[in-house]
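Please open the structure in your viewer and keep the sequence panel beside it. The tour moves from the whole chain to single residues, and each stop tells you what to select and what is there.

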Amino acid sequence: MEDVIATLRARVAELEQQQQWREIDTAAKDGSWLLGWLPDEARSYALRWDTNGRSQNPAWRDHELFAYQPTHWMPLPAPPRRDPPEQP
């Protein structure tokens with residue numbers, strides 16, 4: 001039983017770590033979407049590193065290709081499941 005508890009605690013710690021803000025310098029610049037923190041606006045946006053934007057300058061951009069300068073990032077959460085609704 002102690003092994004199960006230790007395994008569960010390790011998994012909880014891993015999941016909590018995944019949802020921590022990280023320095024933007026550690027984010028992958030491969031075009032993957034992430035949640036970027038913009039301190040000047042005190043909000044987060046879905047952003048990706050883009051090398052083919054409007055000005056041809058690499059930058060963190062949103063879906064409309066506006067460039068931003070986030071300071072931190074975290075992975076986007078998994079999308080909702082698409083299971084059919086349960087029937088009463």
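This is a predicted model: local features need pLDDT of at least 70, side-chain atom pairs count only at pLDDT 80 or more; totals for chains, interfaces and linings use all residues.

If you then compare the elements, helix α1, residues 2-18, has the lowest mean pLDDT, at 84, whereas strand β2, residues 34-38, has the highest, at 97.

Switch to a cartoon view and follow the chain from its start. The secondary structure comes to one helix and six strands, and, read along the sequence, these elements follow the pattern α-β-β-β-β-β-β. The radius of gyration is 18 Å, well over the 12 Å that the globule rule gives for 88 residues, so the protein is more spread out than a compact globule. Turning the model around, you can look for the extent of the C-alpha trace, which spans about 60 × 40 × 25 Å along its principal axes.

Next, select the six strands together. They form an open sheet in the order β1-β6-β2-β3-β4-β5, and the pairing is antiparallel. Which strands stand at the edges? They are β1, residues 22-23, and β5, residues 67-68, and because each has a single partner strand, one side of each is left without a neighbour in the sheet.

Now zoom in on β2 and β3, the latter covering residues 43-50, which pair in the antiparallel sense over five bridges. Within this pair, select Trp37 and look across to β3, where Ser44 stands opposite. In the loop between β2 and β3 you will find Ala42, which has a positive phi of about 50° although it is not a glycine. Ala42 is exposed, with a relative accessible area of 55%.

Pro58 is partly exposed, with a relative accessible area of 46%, and, leaving aside its neighbours within four places in sequence, it is in contact with Trp49, Asp50 and Thr51. If you also select Lys29, you can see that Pro58 and Lys29, although 29 residues apart in sequence, are 9.7 Å apart in space, C-alpha to C-alpha.

For the last stop, show side chains and select Ile24, Ala27, Leu34, Leu38, Leu47, Trp49, Trp60, Tyr68 and Trp73, the nine residues that make up the largest nonpolar core. The elements that give two or more residues to this core are β2 and β3. Centre the view on Leu34 and, leaving aside its neighbours within four places in sequence, you will find it in contact with several residues, including Ala27, Leu47, Trp60 and Trp73.

Finally, zoom out and consider the chain as a whole once more. Buried residues make up 20% of the 88 residues, while the protein exposes about 7,200 Å², of which carbon and sulfur atoms supply 53%. Among contacts between residues at least 6 apart in sequence, 43% join residues at least 24 apart.

Note on methods
Residues are numbered from 1 along each chain as its sequence is written. Side-chain values use heavy atoms; hydrogens and water are left out. pLDDT is the predictor's confidence in each residue, from 0 to 100. Helices (H or I, at least four residues) and strands (E, at least two) are DSSP runs, numbered from the N terminus. Two strands pair if DSSP finds at least two bridges between them. Buried means under 20% relative accessible area, exposed over 50%, partly exposed in between (1.4 Å probe, protein chains only). Contact means heavy atoms within 4.5 Å. The radius of gyration is taken over C-alpha atoms; the globule rule is 2.2 Å times the number of residues to the power 0.38. Accessible areas come from the Shrake-Rupley method with a 1.4 Å probe; for residues, only the protein chains shown count as cover. A nonpolar core is a set of buried Ala, Val, Leu, Ile, Met, Phe, Trp, Tyr and Cys residues joined through side-chain atoms within 4.5 Å.
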